[in-house]
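Subject: Structure handover

Hello,

Here is the structure you are taking over, with the sequence. My notes on it follow below.

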Amino acid sequence: MKKILTLLPLIVLLAGALWGCGGKDAEPTVEEKLTRVWTAKIVKEGSDIVYDKTASSNKIPGYANYKLDLTSKTSAKLTEKDGVTFTGTWSISTDNTTLTISNLTSSSGVPTGTNGTLAYKVIGTPTTAAITLETATAYIKASNTIANYQLTNP
């Protein structure tokens, strides 16, 4: 009995410590990480870096206009390097490797050569601050090359 009474404060302290720790917050899903406004940090058309946010000059300075707004869980707003803004819907594949933006339209129509759909490969592991996307096919607005977008959440 003496041993139990001697150990009781230690048991209570240990139980309190374990109770107070709780579980860690769950890691956000890829969809939750994507649900933000993204801007261009570095853009490559093919293997050529055409825009770097930190550079004093760029081959294609229009990428400073690039914005991908995925703040809605279903609708998307894409502002291209030429300043044209398209609206549509977005989804992420079940394996989190492909971001698809569909039904893209603007007052001037759909993005050239897309039939209103752009598919991007998700490169690496996205975070809430950065993601890298690459067009799944050559994109006419990227000099008909594969475009690689290193995006940041401002």
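Leaving out residues up to four places away in sequence, Tyr-149 touches Ile-42, Val-43, Tyr-63, Tyr-66, Tyr-120, Ile-131, Thr-132, Leu-133, Thr-135 and Tyr-139. Please keep in mind that this is a predicted model.

Tyr-149 is buried, because its relative accessibility is 1% and the cut-off is under 20%. The largest nonpolar core has 29 residues, and Tyr-149 is among those with the most contacts inside it, together with Tyr-66, Leu-68, Leu-99, Tyr-120 and Leu-151.

Aromatic pairs

The structure holds five aromatic pairs. In one of them, the ring centres of Tyr-63 and Tyr-149 are 6.2 Å apart with the planes at 70°, so this pair is edge-to-face. Tyr-63 sits in the loop between β2 (48–52) and β3 (67–69), while Tyr-149 is in strand β9 (residues 147–152), so the pair ties together parts that are 86 residues apart in sequence. Tyr-63 is buried too, at 1% relative accessibility.

The rings of Tyr-66 and Tyr-149 are stacked, because their centres are 4.9 Å apart and their planes are at 15°. Tyr-66 is in the loop between β2 and β3, so its pairing with Tyr-149 in strand β9 links parts 83 residues apart in sequence. Tyr-66 counts as buried, at 1% relative accessibility. One aromatic cluster is formed by Tyr-51, Tyr-63, Tyr-66, Tyr-120 and Tyr-149.

Thr-35

Thr-35 is in the loop between α2 (30–34) and β1 (37–45), and counts as buried at 16% relative accessibility. A polar atom of its side chain lies 2.7 Å from the backbone oxygen of Glu-31. Not counting residues up to four places away in sequence, Thr-35 touches Leu-70, Thr-71, Ser-72, Lys-73 and Trp-90.

Regards

Note on methods
Residues numbered from 1 in each chain as written. Predicted model: local features only at pLDDT ≥ 70, side-chain atom pairs only at ≥ 80, totals over all residues. Heavy atoms only, no water. Core = buried A, V, L, I, M, F, W, Y, C linked by side-chain atoms within 4.5 Å. Buried < 20%, exposed > 50% of the residue type's maximum accessible area, 1.4 Å probe, protein only. Contact = heavy atoms within 4.5 Å. Helix = DSSP H or I, 4+ residues; strand = E, 2+ residues; numbered from the N terminus. Polar contact = N/O pair within 3.5 Å; in protein donor to acceptor, adjacent residues only side chain to side chain. Phe/Tyr/Trp six-rings, centres within 6.5 Å; stacked < 30°, edge-to-face > 60°.
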